[in-house]
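Subject: Structure handover

Hi,

Here is the structure I promised to pass on. Please load it before you read the notes below.

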Amino acid sequence: MAQAEMTRAERSLADFLGSWSISRRIAQAKGPEATFRGTAVWQKVDGGALYHETGQLQIEGQGALTAEQRYIWRDDLSVWFDEDRFFHNVPQLGGEVGHYCAPDQYDGCYDFTGWPVWSVTWNVSGPRKSYRSVTEYRRS
């Protein structure tokens, strides 16, 4: 398959299963920058996969902290905070997504053009939060 064809392939949940190295840069509108380095694992469960991310969060001027996050990814690429709180749908070809979490707006973009290296960018704005987060994923 040609490279251009590979980058435009529709993603399915099976593409994400397994372990990925992740690096994240978080730039706040006001406040220190932060970086996160760790691992994300998608583990198959009934009807989808459990996403579990663990690693070290380094906030400028502070010591490193251990951080983790969990989501449920369903077979249709919908992402859930837990069993009943919807977050967003991952576009199969990559692209824009959004989520309103009162009172803050999360605008994201999935980029699969360099698959199997890919990224997701979140621009978060509102009275409580204002930052840009860029996460890059690479197969472990």
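**Ground rules**

This is a predicted model: local features need pLDDT of at least 70, side-chain atom pairs count only at pLDDT 80 or more, and totals for chains, interfaces and linings use all residues. Residues are numbered from 1 along each chain as its sequence is written, and side-chain values use heavy atoms, with hydrogens and water left out.

**Confidence**

The average pLDDT of the chain is 93. pLDDT is the predictor's confidence in each residue, from 0 to 100. A score of at least 70 is reached by 95% of the residues. Residues 1-7 are the stretch to treat separately: pLDDT is below 50 there. Beyond near neighbours in sequence, residues 1-7 have four contacts in the model. Contact means heavy atoms within 4.5 Å.

**The sheet**

The sheet is open and has 10 strands. Their order is S6-S5-S4-S3-S2-S1-S10-S9-S8-S7, with antiparallel pairing. S6 and S7 (95-101) are the edge strands, each pairing on one side only. On average, neighbouring strands are turned by 25° against each other, direction ignored. For that angle, axes are lines fitted to C-alpha atoms, for helices over the stretch in contact, and angles run from 0 to 180 degrees between N-to-C directions.

Two terms need their cut-offs. Helices (H or I, at least four residues) and strands (E, at least two) are DSSP runs, numbered from the N terminus. Two strands pair if DSSP finds at least two bridges between them.

Some of the pairings, one by one:

- S5 (residues 78-80) and S6 (residues 86-89) are antiparallel and joined by three bridges. Val79 stands opposite His88 in S6. The hairpin from S5 to S6 runs through five residues.
- S1 and S2 pair antiparallel over nine bridges. Ser21 faces Thr39 in S2.
- S7 and S8 are antiparallel, with seven bridges. Tyr100 has Gln105 in S8 as its bridge partner. Two residues lie between S7 and S8 in their hairpin.
- S8 and S9 are also antiparallel, again with seven bridges. Cys109 stands opposite Thr121 in S9. Their hairpin has six residues between the strands.

**Core**

A nonpolar core is a set of buried Ala, Val, Leu, Ile, Met, Phe, Trp, Tyr and Cys residues joined through side-chain atoms within 4.5 Å. Buried means under 20% relative accessible area, exposed over 50%, partly exposed in between (1.4 Å probe, protein chains only). The largest core has 29 residues. Phe16, Trp42, Tyr51, Trp73, Tyr110, Trp118 and Tyr137 touch the most other members. The elements giving two or more residues to this core include helix H2 (13-16), strand S3 (48-59) and strand S4 (64-74).

Look at Tyr51. Neighbours within four places aside, its contacts include Ile22, Trp42, Tyr71, Trp73 and Tyr137.

**Strand S8 and the cysteines**

Cys109 is partly exposed, at 33% relative accessibility. Cys101 is partly exposed too, at 30%. The disulfide count is zero, with a disulfide taken as a pair of cysteine sulfur atoms within 2.5 Å.

**Local details**

- Ala102 to Pro103 is a cis peptide bond, omega near 5°. Pro103 is in the loop between S7 and S8.
- Trp115 to Pro116 is cis as well, with omega about 15°. Pro116 is in the loop between S8 and S9.
- Leu77 has a positive phi, near 65°, and is not a glycine. Leu77 is in the loop between S4 and S5. Its relative accessible area is 1%, so Leu77 counts as buried.
- Ser133 is in strand S10 (residues 130-139). Ser133 is buried at 6% relative accessible area. Beyond four places in sequence, Ser133 touches Arg24, Arg25, Ile26, Val120, Thr121 and Trp122.
- Gly38 is in strand S2. Gly38 and Glu53 are 15 residues apart in sequence and 7.1 Å apart in space, C-alpha to C-alpha.

Best wishes
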